[in-house]
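Hi,

Here is the structure I promised to pass on. Have a look at it first, and then read my notes below with the model open.

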Amino acid sequence: MKSLLKYLGGDKGIWIIVFLLMLISLVCVFSFVPILVKTEGGSPFKYLFKHVIYIAIGIAVMYYLHRLDPKYFSKLSKFGLIMAIFLLIFTFFFGVRINDASRWIKIPIVGLTFQTSDFAKLALILYLSKQLAVKKDNFLDWKTGFVPIASAIVITCGLIFKDNFSTAVLLGTIAFLLLFVGKYPMKRIGVLVAGGLGLVSIAVLLHFALQPEIQLIPRLDTWVSRYTKAFGEETSIIENAQAINAELAIHVGGLFGEGVGKGRLKEYLPEAYADFFFSSFVEEFGIFGAIILILLYMSLMYRIFRIGLKADKLFHTYVCIGIGSLLMLQASINMLVCTRIIPVTGQNIPFLAMGGSAMVTACAAVGIVQSIANKQNKGKEVATTTQKNSIAE
């Protein structure tokens, strides 16, 4: 490990945590895919090989980005958001539909799919970080301090909202967190929240008014059903089988788990390798394994936040806070779903779940953080060298 880390800049602890999570992911994906083999065919090795390819791509992206100067992320933030909005619009009309949701773009020739909302999360964080840093003195100006920020949040979350409610809420939450950390005026935040809720209400009313001719929000019934199943008093066991099996898997795991590959309830959990990853993990690795996993994510968030708080530029601080919050919230939501605290969503757990675009985007996010950390380390080296030279003289 030491021989590998010497070629890597940035925070060594973050590299170790991410690589550990990836190793855990390889073991778990191979163990958790039997239901996918039954429904889609093939062998576990086929899906493991595909997952290894995505991890390799993610590591390559992470390594490349961490070698860049963070100034490039600031300069390209606006272009990145424009590209993300274009991809979301393209997905809106031409995306591949899976489970009544159009969230993916199919990449020609290779035949792989890419979830555009994953890229949009990172693009919006970079854009908002740049805007909050450069316009901190113009927040009260509606034209220059409100419209560019509010429009980016509303358009991005609005395009995601139609087919991926949980991701839109997650991204909106992170956006408001950044506004709060960036000391954006509370009255302006209130206006933005009120406007967003108003647009959502109008969309829901139009959905019911135009039904069934135009399915404006095709997954609205699914969202209502999930909420009812989670908190309704008269929900049957059959209707809520997914959540019950997920909770039961955690109970069966006990303190030490059933052992790798020995879990049985994972075969009754749809996407045990993604949406219900945490339940399957606890079934085979137990509560102690879950505690270690939670500590890894908390350590990752802490180290990312620490890099941001040490930064001498506001853009770097906001980026680290946004990315650290994104990774921790995604992991937390997956855990909360599996423990039946919140309704079922489609949020994968970063670096662990099987999913190409999610893995590559998470790696890209860490690569950006490591780029900032690498810049800080180089600054310390220059300062130390200068100090030594001055002492020698």
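Aspartate 11 is buried, because its relative accessible area is 9% and the cut-off for buried is under 20%. Keep in mind as you read that this is a predicted model. The side chain of aspartate 11 meets that of arginine 306 in a salt bridge, at 3.6 Å from N to O. These two come from distant parts of the chain: aspartate 11 sits in the loop between α1 (2-5) and α2 (12-32), while arginine 306 is in helix α13, 295 residues apart. Arginine 306 is partly exposed, with a relative accessible area of 27%.

In general, side chains of opposite charge can pair when their charged atoms come close. Aspartate 118 and lysine 121 pair up at 3.3 Å, N to O. They are three residues apart in helix α7, so about one helical turn separates them. Both aspartate 118 and lysine 121 are buried.

Then find glutamate 247, which forms a salt bridge with arginine 340, with 3.1 Å between the closest N and O atoms. Glutamate 247 belongs to helix α12 and arginine 340 to the loop between α14 and α15, so this pair ties together parts 93 residues apart in sequence. Glutamate 247 is partly exposed, at 36% relative accessible area, and arginine 340 is partly exposed too, at 31%. There is also a network: salt bridges with shared partners join Asp11, Arg303 and Arg306.

Arginine 340 has something else to show you. Its phi is near 65°, a positive value in a residue other than glycine. Phenylalanine 351 is found in the loop between α14 and α15, and its phi is near 70°, again positive in a residue that isn't glycine. Is phenylalanine 351 buried or exposed? It counts as buried, because its relative accessibility is 2%.

Another buried residue is leucine 269, with a relative accessible area of 0%. You'll find leucine 269 in the loop between α12 (241-253) and α13 (277-310). From leucine 269 to isoleucine 244 is 25 residues in sequence and 9.6 Å in space, C-alpha to C-alpha.

How many cavities of 30 Å³ or more turn up in a search of the whole structure? The search finds two. The largest cavity has a volume of about 140 Å³. Its lining has 16 residues, and Gln330, Pro350, Ala358, Met359 and Ala362 lie nearest its centre. α15 gives the most to this lining, with five residues. By class, 10 of the lining residues are nonpolar, four are polar and two are charged.

The second largest pocket holds about 680 Å³ of space. Of its 24 lining residues, Cys157, Gly158, Phe161, Gly196 and Val200 lie nearest the centre. Helices α8 (142-161), α9 (165-181) and α10 (186-210) are the elements that each give two or more residues to this pocket's lining. That lining has 19 nonpolar, four polar and one charged residues.

Helix α6 (residues 77-94) supplies the largest share of the patch, eight residues. Phenylalanine 79 lies in that helix, α6, and counts as exposed because its relative accessible area is 52%.

Happy exploring!

Key. Residues numbered from 1 in each chain as written. Predicted model: local features only at pLDDT ≥ 70, side-chain atom pairs only at ≥ 80, totals over all residues. Heavy atoms only, no water. Helix = DSSP H or I, 4+ residues; strand = E, 2+ residues; numbered from the N terminus. Buried < 20%, exposed > 50% of the residue type's maximum accessible area, 1.4 Å probe, protein only. 1 Å grid on protein atoms, 1.4 Å probe; cavity = no way out; pocket = protein on both sides within 12 Å on 5 of 7 lines; lining within 4 Å. Points joined across faces, edges and corners; volume = space filled by probe spheres on them. Nonpolar A, V, L, I, M, F, W, Y, C, P; charged D, E, K, R; others polar. Salt bridge = Lys/Arg side-chain N within 4 Å of Asp/Glu carboxyl O.
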